[in-house]
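Please keep the sequence and the structure in view while reading.

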Amino acid sequence: MEKNLYHNRLLQWLVYVVFFAALAVIPLVMDDAFLLNQLATYGVYGMLALSISLCWGFGGILNLGQGIAFGLGAYGMAMTMQMQTQDPEYSPIPPFMLNNGLDALPAIWEPFWNTGFGIALALIVPTVFYLIFGGLMFQARVAGPFFAIMTLAILSALATLFVDLQPYTNGVNGISPPAALDIGGFVIDPYMSTSYWVVFALLVLSTVAAKLLTQSRFGLIVQALHNDSERVRFLGYNVAIYETLVYAASGLIAAIAGCCFAFLTQYVSPAQFDVGFSISMVIWAAIGGRNSLLWAIIGAFLVQGAQSYVGDEFLNSWILILGFSFILIVRFLPGGLGGLAETLLGMVSRKRETQESLTVGAGEPETRGA
Amino acid sequence: MDFTLASFVNALILGLSIGSIFLVAALGLTIIYGTAGVINMAHGEFIMLGAYASYTLQNYLGVPFFLCIPLSFVVVALIGLVIERLLIRYLYDRPLDTLLATWGVSLVLMQGVRLIFGSDPKYIQMPSFLSTNIAAGPISVSIFRVFIFLVGIGLVAAVWWLFYKTEFGIKLRAVTQNKEMAASFGINSGQVYALTFALGAGLAGIAGSLFGVLNIVLPTMGMGYVVEAFLIVVTGGGALLGSILASGVTGEAQSIFAYIFNDTFAQFLVFVLIVIFLRFRPQGLIATGGARR
């Protein structure tokens, strides 16, 4: 039996329930539309930190290019939303394309006429991209820092591509769909509590799914990879497949986050592929605690929350503080805040345990481990 | 696009120049990674610091440009030494964490420079004779690019001499091959790592003083170089010769693709080709001792 309270599964789920209940209360007690929109954006960041924690904390795959899935998802959603405002007969072509000299809708845009199909593409394209790219890399046994660098390379390649394809993506200006997302009559207005609820539901869904995944047999093997992938290979497992799948799963979560981001901000640009943004996702997970899904989400909330709290005036010194705290955490606290909580709870549990054993009597230490 | 021999030769020469820029950018990174296995994400910021060091020396102290180059080596090497002593030396057995910690360092350096110098672009002046072009018939090259090319060759020669002809080089290669064994022969491996890190940082400083002339000097200028420099190191396999070959090949490839398509698409193509190349040869062009990383 595990003695550290931190590892108690029932308690972990209880903490999850409390955490999400607290998030669910927010829109009931607050009706400031702007603030709700901002909080919903934090939910998106939370999803991103969750996806990093899944592949880095559990799978041991450091991914500095999570913006790939995030950006592709966001573009897919923005393209869907843009096509909702176009009319097949009177104005089939988005205005920016006309400004860029296109006189017909490009073939890649055609599928986005259909909302359901468009959203499906926004999720499937990044996931399949991750499957192919991850499959290529992991089969070649590119691992550790090298994989991180490769994700970074792909990310910056995509960013340059999206800037370069000006007529199709509107280049650096990005796409800003004029109307809110409408799914079969259900309008997700970014400045209404509905958008908060949608993001909240998706965050809960992806967190619970990721948690169940880590507790499954698949998840156990993935965690074994994190500890020693060579040993897992010698035990006869096809390491590349497990790595690819957990990488793709994290990509799917990031793509969902990208979709949410697009309908929350009604705007998408190559800034979503920014290297700095992808690395700040890693910073959130590292500060919160990459080995815990929930702590990674909390890390995103804390860092982003603090950033908007200090405001633009102190933004300069804030980045300095962020950099220093990141260095200190890597140096002294590799488990992040979650790791700290684990150690503290471990100390508490051990103290209680020794007290119990003292009262029972020191004569039967072998029963303690049972 | 109309193809002429002259414009194609021009593209090839430009490719050589791009390759030499890649090499100068990646040289310090190759040494740090090849010796200590440290993934130094702050390398781009070391380049940026080199540019700012040259700018400061030139604008506030009136130091001539050719003296700025070795001085920015010294300045950035010292900064690198301090960072190594305070942070990196605790992380040698955690390569993934060196990547993260040096990313934190790069954030701090970038923001620190922004607070001191502001976000507006700075310029480094070069002697006027470097800003002209050499022309031979329809082919023309800027003298400054030739200068960078020559500096690149000079730096490679210097590093080669240091690695293979000096006592420090023997120690360094011994530590690279087997740290514990070298230590048991009385080599102070910690000192060798520290000096190597300082050397790599200093080389980035030289790169910065050159790139600061080529482009404008900005706190964010390092970001663009670090990914490319890493791709050179990874494609090359971490060895000096590998980096030279890799920068030559990618430089030419980028220039030829840019000649056929355009600059941004050329960059995209080169990145994708590197990923495909690494699928089939993950150890890079020149594998060191067949070790698979």
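This is a predicted model: local features need pLDDT of at least 70, side-chain atom pairs count only at pLDDT 80 or more; totals for chains, interfaces and linings use all residues.

Residues are numbered from 1 along each chain as its sequence is written, chains are lettered from A and ligands numbered from 1 in the order in which they are written, and side-chain values use heavy atoms, with hydrogens and water left out.

**Nonpolar core**

A nonpolar core is a set of buried Ala, Val, Leu, Ile, Met, Phe, Trp, Tyr and Cys residues joined through side-chain atoms within 4.5 Å. Buried means under 20% relative accessible area, exposed over 50%, and partly exposed in between (1.4 Å probe, protein chains only). The largest core holds 206 residues, and A:M150, A:F263, B:L210 and B:F211 touch the most other members. Helix α10 (residues 239–265) of chain A gives the most to this core, with 16 residues; helices here are DSSP runs (H or I, at least four residues), numbered from the N terminus. Beyond its neighbours within four places in sequence, B:F211 has contacts (heavy atoms within 4.5 Å) with B:I21, B:V24, B:A25, B:I47, B:M221 and B:Y225.

**Aromatic rings**

Rings of Phe, Tyr and Trp (its six-membered ring) pair if their centres lie within 6.5 Å; planes under 30 degrees apart count as stacked, over 60 as edge-to-face and the rest as tilted. Over all chains there are 42 aromatic pairs. In one of them, the ring centres of A:Y45 and A:W284 are 5.0 Å apart with planes at 45°, so the pair is tilted. A:Y45 belongs to helix α2 (residues 33–58) of chain A and A:W284 to helix α11 (residues 275–288) of chain A, so the pair ties together parts 239 residues apart in sequence. Both residues are buried.

**Charged side chains**

A salt bridge is a side-chain nitrogen of Lys or Arg within 4 Å of a carboxyl oxygen of Asp or Glu. The structure has five salt bridges over all chains, including these:

| A:E230 | A:R233 | 3.3 Å |

B:D97 is buried at 8% relative accessible area, whereas B:R94 is partly exposed at 24%.

Notes
Helices (H or I, at least four residues) and strands (E, at least two) are DSSP runs, numbered from the N terminus.
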